[in-house]
Amino acid sequence: MYTTKYHKASDAANAASLLGASPEAKILAGGQTLIPTMKQHLAAPSDLIDISGIAELSGVTIEQRKKLGVLKAKGGETITIGATTTHYDVANNADLAAVCPAITGLAANIGDPAVRHRGTLGGSIANNDPAADYPAALLALGATIHTTSRDISADDFFTGMFSTALNEGEVIKSVSFQAPANAGYGKFPVPASRYAMVGVFVAKSIDGDVRVSVTGAGDDGVFRHAGLEAALSSDWSSASAAGVNVGAEGLLSDIHGNAAYRANLIGVMAKRAVDAA
Amino acid sequence: MTEGIGARVLRKEDKRFITGKGRYTDDIIEPNQAYAAFVRSPHAHANVKGIDASAALAMEGVVDVLNGHQLTGDGIGNIICGWGVTSKDGTPMNMGAWSALATEKVRYVGDAVAVVIADSAEIAKLAAESVVVDYETLPVVVGSVEALADGAPQIHENAPGNLIFDWEIGNKEPTDAALASAEHIVEMDIVNNRLAPNPMEPRSAIATFNESEDHYTLYTTSQNPHVARLVLSAFYNVAPEHKLRVIAPDVGGGFGSKIYIYPEEITCLWASMKTNRSVKWTSDRTEAFLTDAHGRDHVTHAKMGFDKNHKIVGLRVNTKANLGAYMSLFSSATPTYLYATLLSGQYNIENVYADVQGVYTNTVPVDAYRGAGRPEASFVMERMMETAARQLGVDPAELRLKNFVKEFPHQTPVIMAYDSGDFAANQKQAMDAADYKGFEKRRTEAAKRGKLRGIGFSNYIEACGIAPSAAVGSLGAGVGLWESAEVRVNPVGTIEILTGSHSHGQGHETTFAQIVAERFGLPTENVAIVHGDTDKVQFGMGTYGSRSGAVGMSAIVKAMDKVEAKVKKIGAHVLEASEDDIIIEDGAVKVKGTDKQMLWHEVGLAAYTAHNIPEGMEPGLKESAFYDPSNFTFPAGCYICEVEVDPETGVTKIIQFTASDDFGTIINPMIVEGQVHGGLAQGIGQAMFEGVVYDPDGQQLSASYMDYCMPRADDVPMYQVMHQSTECPGNPLGMKGCGEAGAIGSPPAVINAITDAIGNNNLNMPATPSAVWAALQEASKQAAE
Amino acid sequence: MTKITMTVNGKAASKDVSDNTLLVEYIREHLRLTGTHVGCDTSQCGACVVHVNGQAMKSCTMLAAAAEGATVTTVEGLATSKDDLHPMQVAFKENHGLQCGFCTPGMIMTATDMVKRYQEAGKELTEDAIRHELEGNICRCTGYHNIVKSIQDGASKMTAA
């Protein structure tokens with residue numbers, strides 16, 4: 001790979017200032033996407049700011065919902081996941097699995113074990129790969145992305161394939177979301193890369209709001225699917241999801257599957273996501 | 001004998017591999033080593049108008065930048081195809097020139113035009129990116145059918161219409177007559193998908209020119225170091241044969257792709273002389289996709305006729321074989337003599353005719369890949385047979401059984417003379433193991449779960465141990481296909497076997513030691529196998545085509561015959577007995593019926609001290625042999641694949657894969673089973689996962705593991721592997737060969753099973769989920785109409 | 001150039017390397033531990049898997065600098081002594097879990113990591129689980145049959161050990 005200058009950031013603020021100091025600098029967390037990109041000479045950051053050792057950026061916290069004096073329904077806890085929390089640590093967090101198994105299950109199937117030991121949530125969403133899993137989850141869960149300078153809603157954060165609302169010198173610190181009443185993820189991997197050819201995340205909030213997001217399939221990255229949201233809002237069932245006619249417009253075609261196939265998979269994965277929820 | 005023939009001896013070579021002490025080419029660092037990086041064409045077809053290397057030459061750490069004009073100027077010769085094929089009209093094949101570094105024209109993406117030599121691999125790579133090449137792009141053609149069409153871009157001047165050869169085999173008029181009068185005709189278009197071999201160790205080379213001795217050493221990832229040395233010296237003029245040492249140390253898989261001598265090895269040797277540095281090059285994976293010879297890529301039309309009793313009366317096949325941009329070493333033989341000679345399959349067919357067009361395209365050169373021609377033949381035969389059974393409404397097993405060759409030897413209309421086999425026995429063994437009778441019940445049960453279950457057969461036959469040198473010579477081979485061995489008994493009785501075969505995963509260090517152990521009653525730990533170094537080992541032909549058993553071990557047996565004869569003479573002399581009464585067993589030379597004996601090491605010592613050996617006998621105990629087989633060998637078998645398809649997604653899961661093989665004598669069943677497992681995974685890979693895809697501009701869309709789907713552990717099942725053998729009469733051990741069978745037999749079984757499950761016979765490889773889903777949509781659309 | 005220090009196979013290692021040096025290059029080129037291999041460019045084949053601070057990681061997809069101060073184990077350091085083999089190494093030999101040997105170090109490092117995780121979590125390592133866990137390791141020779149068997153056997157050997 002091209003030459004680069006490596007920096008170990010001491011904390012998030014330090015990372016942001018190092019990042020701001022050079023227009024060609026990049027944040028390095030787990031590096032599971034960035035390093036291969038650099039090896040293939042597809043990226044040439046002048047500086048790499050390693051945030052992987054920063055304690056304040058790692059870990060999962062779960063804040064219980066305030067008791068309202070009524071019977072406690074499922075969901076509603078505030079979940080915060082640090083940007084450098086690895087997929088492995090998300091997947092194996094028992095407390096998180098108890099309140100949001102959809103997110104731990106999703107993390108358990110990103111990449112392979114070695115990649116999960118190193119890859120991070122922050123790295124996944126900052127890159128916004130059109131076939132990554134986490135963007136689908138955050139969009140469907142209505143998550144908030146907390147950076148060194150502001151809070152950004154997932155709806156605003158993901159701005160298209162490989163593109164986000166992050167400004168120069170802005171570092172993701174964590175994401176937070178309210179535990180859903182019900183959520184599930186259905187992923188169909190590309191046989192070769194095992195990235196999502198189609199991933200559908202369905203979530204119903206404790207207020208009954210339904211959001212459905214799709215990764216892997218869109219020609220401009222992760223997106224919400226209005227038809228599936230409408231169907232599942234009126235009837236949260238796999239049959240209802242299966243009844244939606246998913247069109248192929250705006251979907252990717254490549255050597256692994258054309259848009260029609262991806263459209264079919266969106267319906268099937270949505271159905272399976274509801275079943276899994 | 002716990003370590004002899006038939007014993008599951010654990011591998012002697014494993015310890016170094018499991019402890020990380022294997023020594024592969026890239027593990028070696030020579031003093032004063034520089035690194036090569038190639039400047040490769042990004043265009044599939046272009047004229048090279050100029051090369052500006054000034055920026056690269058100015059970079060710190062760059063030793064030199066060399067181009068094709070310098071290479072040809074130094075007399076380095078063109079890369080050649082070593083097997084001449086003659087067209088129908090008697091003309092020789094039209095081979096275009098292939099320079100290790102292109103001079104005037106590039107013909108595929110990845111064609112090298114220059115090489116940078118630098119102090120580090122990274123500098124070399126960066127410098128290579130800075131070389132500016134002025135290309136004038138030309139129209140591109142990537143498919144064989146398109147390349148033969150009128151007006152297609154012309155790739156080599158001396159191959160008009162991109163036709164390399166138009167070859168035929170078999171009896172044309174009788175075949176056409178038989179088809180014309182046949183009761184039933186089955187006709188199909190069959191595509192055999194292009195594959196990338198993908199041994200896990202990428203190719204690598206380190207070349208060192210020693211100026212003071214005027215001598216070259218090349219470490220390289222080769223399946224046949226002697227053949228490499230021969231062509232490097234005799235054809236490419238890199239160095240005279242006696243001034244060139246080629247070493248293939250531990251090699252991480254080959255599957256055919258490491259037979260050939262590529263531009264990179266030639267260039268490294270030459271560059272070492274030019275720069276007076278050791279020059280190392282190691283391919284990365286994408287470079288491997290762009291430069292390692294690909295496999296398969298046939299487009300075939302086949303027509304098979306049956307009489308009213310469902311006996312095959314004739315088969316006519318036309319195949320267009322895409323050979324890529326240049327003719328690789330055995331590229332002409334693979335789609336001709338290794339393919340069409342097997343178009344009689346396991347069946348007694350009086351009339352077979354095939355013609356094959358070899359075609360240039362703007363793609364990576366295509367050559368032998370595990371199976372080499374035989375997987376393509378078995379795919380045609382077994383897809384035709386299964387399709388015929390469906391169209392005739394008969395059981396596919398019974399249709400095959402009815403048409404099997406049952407008497408041996410059997411002369412087919414396409415050269416081959418099958419020497420042995422019991423096809424019905426293999427079929428029965430596989431059907432019993434696969435519970436064929438219970439299938440319909442399982443299909444019904446699966447349907448209740450919403451799954452489509454299917455079953456498919458493949459009764460393959462292949463030809464291995466290629467084959468009498470005079471015969472292959474008459475068919476156009478530029479080399480003899482014998483093998484050599486030397487058996488060295490040391491003064492202390494330990495034994496070194498020097499073999500011309502090369503092990504790159506096959507376990508020769510163990511299997512070869514077992515036949516020595518069996519013969520002389522010695523523990524395998526007393527036997528060492530030496531291979532892979534032209535300075536140590538006598539000339540040999542290397543390992544490919546499942547030849548190391550039937551040919552390589554036969555050479556060892558022949559050398560052991562000579563050792564045994566001498567040992568008996570020494571034993572008779574020392575023990576004062578008649579030679580006829582001498583027997584060798586349990587590591588001792590004994591006089592039959594007495595307690596007189598010499599221990600094995602005492603014989604060795606006697607031979608080397610020469611104090612007391614028969615008068616006139618030369619001291620020492622070392623014999624060599626060259627073994628030239630009398631015929632091909634014919635491994636065969638029956639494979640049955642059972643699948644379940646998820647109709648919602650098109651995902652196919654292999655529920656059970658059963659393989660009954662006839663490999664003749666088996667030395668180490670553990671190793672043989674391992675060879676079958678690996679072959680099956682590659683065949684299943686071809687059928688369901690793998691495929692090189694080009695866009696119309698000649699860019700490979702599948703040049704990394706992100707897009708080329710290698711079978712993973714969760715893609716394949718546990719395999720049921722079993723044997724039902726007949727002894728091969730053609731060689732002393734009765735062996736047939738096992739290295740390629742799995743890859744040859746499995747693809748049709750898989751596709752027959754999937755097409756059975758989905759009820760649509762129109763399905764190409766690889767049968768990916770999206771392809772299967774599309775075939776299901778097509779089937780339901782047809783059903784609705 | 002930066003001095004990068006880590007503990008590799010129980011021994012302190014310290015080398016001046018450029019910032020863009022990958023961990024696998026540090027291990028292979030600078031420490032000359034060549035058992036760790038490189039089989040692809042896209043982090044998929046797993047021939048380069050080592051343990052970093054006790055977890056399996058792809059050394060081709062990590063900078064040496066990011067492993068500063070880490071404890072690294074490669075296949076050469078898996079056995080407790082020179083004359084000994086790790087139970088997983090024994091299992092690969094006894095079950096013919098390797099042919100050309102190139103993917104083997106990565107397979108063994110992945111296998112020991114997976115068995116450790118499953119045993120610590122008290123989860124059963126089924127055949128399906130092993131195949132799923134091997135998603136990041138490609139073998140071209142064995143068809144995986146004997147690798148799966150080796151890991152099953154290695155797991156019970158590791159329990160017994």
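In the predicted model, chain B is divided into domain 1 (15-138 + 200-253 + 258-291), domain 2 (295-466 + 631-784) and domain 3 (482-627), with bounds taken from an automatic or database domain assignment. Residues are numbered from 1 along each chain as its sequence is written, and chains are lettered from A in the order in which they are written. Local features need pLDDT of at least 70, side-chain atom pairs count only at pLDDT 80 or more, and totals for interfaces use all residues, while side-chain values use heavy atoms, without hydrogens and water.

The C-alpha centres of domain 1 and domain 3 of chain B are separated by 39 Å. At their interface, 19 residues of domain 1 of chain B contact 15 residues of domain 3 of chain B (heavy atoms within 4.5 Å). The two domains bury about 1400 Å² between them, 53% of which is given by carbon and sulfur atoms; this is the accessible area (1.4 Å probe) lost when the two parts are put together, summed over both. Of the area that domain 1 of chain B buries against domain 3 of chain B, 42% is supplied by Gln223(B), His226(B) and Arg245(B), more than by any other three residues.

The interface of these domains holds 3 salt bridges, defined by a side-chain nitrogen of Lys or Arg within 4 Å of a carboxyl oxygen of Asp or Glu. A salt bridge joins the side chains of Arg245(B) and Asp533(B), at 2.5 Å from N to O. On the side of domain 1 of chain B that touches domain 3 of chain B, helix H7 (225-234) and strand E11 (244-247) of chain B are the elements that give two or more residues; helices (H or I, at least four residues) and strands (E, at least two) are DSSP runs, numbered from the N terminus. H7(B) gives the most to this side, with 5 residues.
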